[in-house]
Amino acid sequence: MSETATATHETATHDELKPGVPILEVKGLKRYFDVSAPWLNRVLEGQPKQILKAVDGIDFEIKAGETFSLVGESGCGKSTVAKLIVGLHGPSSGSIEFEGMDIAGRSRKEMAPIRRRLQMIFQDPYASLNPRWKVRDIIAEPIRAFDLADSPDEVLERVGQLLTQVGLSPADGEKYPHEFSGGQRQRLSIARALASEPDFLVCDEPTSALDVSVQAQILNLMRDLQKELGLTYLFISHNLAVVCHVSDRVGVMYLGRLAEVAPSDILFSKPRHPYTRLLLDTIPDLEMSGRDRMPVAGEVPNPINPPSGCAFHPRCPFADDRCMSERPEPKPTGDGALVACHGIEEGRIPDAPIIGKPAVPEGLGA
Amino acid sequence: MSKHLLEVKNLRIEFPTRKGLLTAIDDVSFHIDEGEVLGVVGESGAGKSLTGAAIIGLLEPPGRVAGGEIVMNGRRIDNLGYEEMRKIRGREIGAIFQDPLTSLNPLYTVGRQLTETIMTHTDMTPTKARERAVELLTEVGIPAPEKRVDQYPHQFSGGMRQRVVIALALCVNPKLVVADEPTTALDVSIQAQIIALLKKLCRDHGTAVMLVTHDMGVIAETADRVAVMYAGRIAEIGPVRQVVKQAKHPYTEGLMGSIPVIGHTDEKLRQIEGSMPRLTNIPTGCAFNPRCPKAFDRCFKERPDPIDVDGTEVACWLYDKEAAHV
């Protein structure tokens, strides 16, 4: 194992990455959390162990140079996937292959060369920057940790470059994080993530703490950096409009599983899974076309005790007996999408698009 | 008697600090008619929540109303004492806040909080008040209300809690509800439910709403008129369709352009450079001038006041016809 680790590290440099080749492959990934009461309480009260299946068997791959997004409501497990990929959690089972090498549950030492190439941008720029460090030191830390510069002067020069790259000035290195606004702080987070010259960035809700005008600045910056540096993004968000704007391919998550994975243009023009349709229909309509929205029923169930069969069946207008008993697996639909839905597979759900049309597919309005 | 339900005239809110006086709201005027939904939109720090807080009389000290007046139903309410204001709050003006968990008391059942509010403002008997509470919970779409009325807030999910808060705000049929970011803490699918509910209830009861939010989409769905705030002032106020579709103020234009929309796959989002100035450092002239792509001499010297342009009031010198410019 360790042989392959060093071998991969040495052979795969930035220039050799070819677009279109999977850089990350996730297979059967699961992460369970034990959320039981303390042992004594359990014994006294006769309670069973409680297991939260945060991520319950998902598969996807991300090609070099593309942006893959995971979207879903709170508690669907999207952030857990992000943490699993960067190694902040170990998986309960399944594999995460980074350029063909399984990185799941590796030791710190084995992960070190991978970690340089795999960085993360967090949601809250107020919590993810050390308030006691100068910006210069925050950004220099990865450069020093991975030995990417030969002299202190070179480190400083590189920090200046990075700050310029994210739209700040090299002089800002002397300041502390509190002297910056939310958007500028998120730029600092990006600069820090880029400091180790990564190929792959995991972005966990990078703009949801920001105002819209600032969000636009950050999204544009991320897009420019992707073009310039050939980065691959795993983008995690609950905001479908943002996801639509940035992604090449999108995975929709519901209660720890993928409901639908599709190229962005297909997902947004021709959503198949009833949950995807529901999500798309909840977006407030800026065009003010006055279309009637599907009344959304129910809430996300408790993930500790998810519904049997397809987890979405209690909210799904198309659910039948099979949906309640048998869990659907993602099946290809022919146009590059994967949909985990019995109704779609059997062809009993109409294929009508929702966006731009006031009409609601039959049954959905009920 | 004024003909508007609520009238805010030249409102000015100040915060005395060690470094001097901060003017958080500067000369803001607007009105809300009966049964109307006024959306107030802006970025963090624009002063939209403060305006709402001033109307319900819950401005946190040291903040204070330093000028202007707030008139509700022909009666001035910004200078009332605590007790008098308490009577108005709840009966005439209801409030819905962002976080439904912190706006409910965790130690009392939902029913007790509802009946308390009802009995404070009406002379209903406890039994009657309880019936009304169950009725309200039914109205806001809570399943099994007879059982739920005796439960505590922690037994409700986020969306259900916000429904309870709406029931609380509407329990004595106020004329106006100030809703401060009512859906920001909720998931998108729940957000849609809550907006639909708020819209329906206010239409049924003829309640006017001041809807404070940063989400232009929510405003477009819900509001009749919208006020766009920037750095403590109103940049633009007018019918929602006009503001959303044909924004006049360069700030509104930029704001609309920076919202990603599904179906528009433009390479880049239009962005407004820079960020909102801090209150300590508001530029002279128009506060938007450092970020404005169309700023000219006058914007740096004189502060624009709202000018009527086709039914929309815009605080921008571009629309001043008498100016030498154009």
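This is a tour of a predicted two-chain model, moving from chain A to the contact between the chains and then into chain B.

The model is predicted, so local features need pLDDT of at least 70 and side-chain atom pairs count only at pLDDT 80 or more, while totals for chains, interfaces and linings use all residues. Residues are numbered from 1 along each chain as its sequence is written, and chains are lettered from A and ligands numbered from 1 in the order in which they are written.

**Stop 1: chain A and its domains**

Select chain A, which has 13 helices and 12 strands. Here helices (H or I, at least four residues) and strands (E, at least two) are DSSP runs, numbered from the N terminus. Of its 366 residues, 45% count as buried. A residue is buried if 20 or more other C-beta atoms lie within 10 Å of its own, exposed if 12 or fewer, and partly exposed in between, with C-beta atoms placed from the backbone.

Colour residues 2-247 as domain 1 of chain A and 252-346 as domain 2; such bounds come from an automatic or database domain assignment. Taken over C-alpha atoms, the domain centres are 27 Å apart. At their boundary, 22 residues of domain 1 of chain A are in contact with 16 residues of domain 2, contact being C-beta atoms, placed from the backbone, within 7 Å. On the domain 1 side, strand 2 (51-63), strand 3 (67-71) and helix 9 (240-246) of chain A each supply at least two residues. Strand 2 of chain A gives the most, with 8 residues.

**Stop 2: strand 9 of chain A**

Select residues 249-254 of chain A, which form strand 9; 6 of its 6 residues are buried. A:Arg249, A:Gly251 and A:Met253 point one way, and A:Val250, A:Val252 and A:Tyr254 the other.

What are the partners of strand 9 of chain A? Strand 3 of chain A pairs with strand 9 in the parallel sense over 4 bridges, and A:Phe68 has A:Arg249 as its bridge partner. Strand 10 (residues 257-263) of chain A pairs with strand 9 in the antiparallel sense over 6 bridges. Two strands pair if DSSP finds at least two bridges between them. Strands 9 and 10 of chain A form a hairpin with 2 residues between them, and A:Leu255 in the turn has a positive phi of about 45°. A:Tyr254 stands opposite A:Arg257.

**Stop 3: where the chains touch**

Show both chains: 36 residues of chain B are in contact with 35 residues of chain A. Helix 7 (188-205), helix 8 (216-222), helix 9 (240-245) and helix 10 (250-257) of chain B each supply at least two residues of the chain B side. The largest share of that side, 7 residues, comes from helix 7 of chain B.

**Stop 4: the sheet of chain B**

Find the open sheet of 4 strands in chain B, with order 2-1-4-5 and antiparallel pairing. Its edge strands are strand 2 (20-32) and strand 5 (75-76) of chain B. Strand 1 (residues 6-17) of chain B pairs with strand 2 over 9 bridges; B:Leu6 stands opposite B:Ile32.

**Stop 5: helix 3 of chain B**

Finish at residues 110-121 of chain B, helix 3. Its buried residues include B:Val110, B:Leu114 and B:Ile118. The buried residues of helix 3 of chain B pack against helix 2 (82-91), helix 4 (126-139), helix 5 (145-148) and helix 6 (158-170) of chain B.

Conventions: The expected span of a helix is 1.5 Å times one less than its number of residues.
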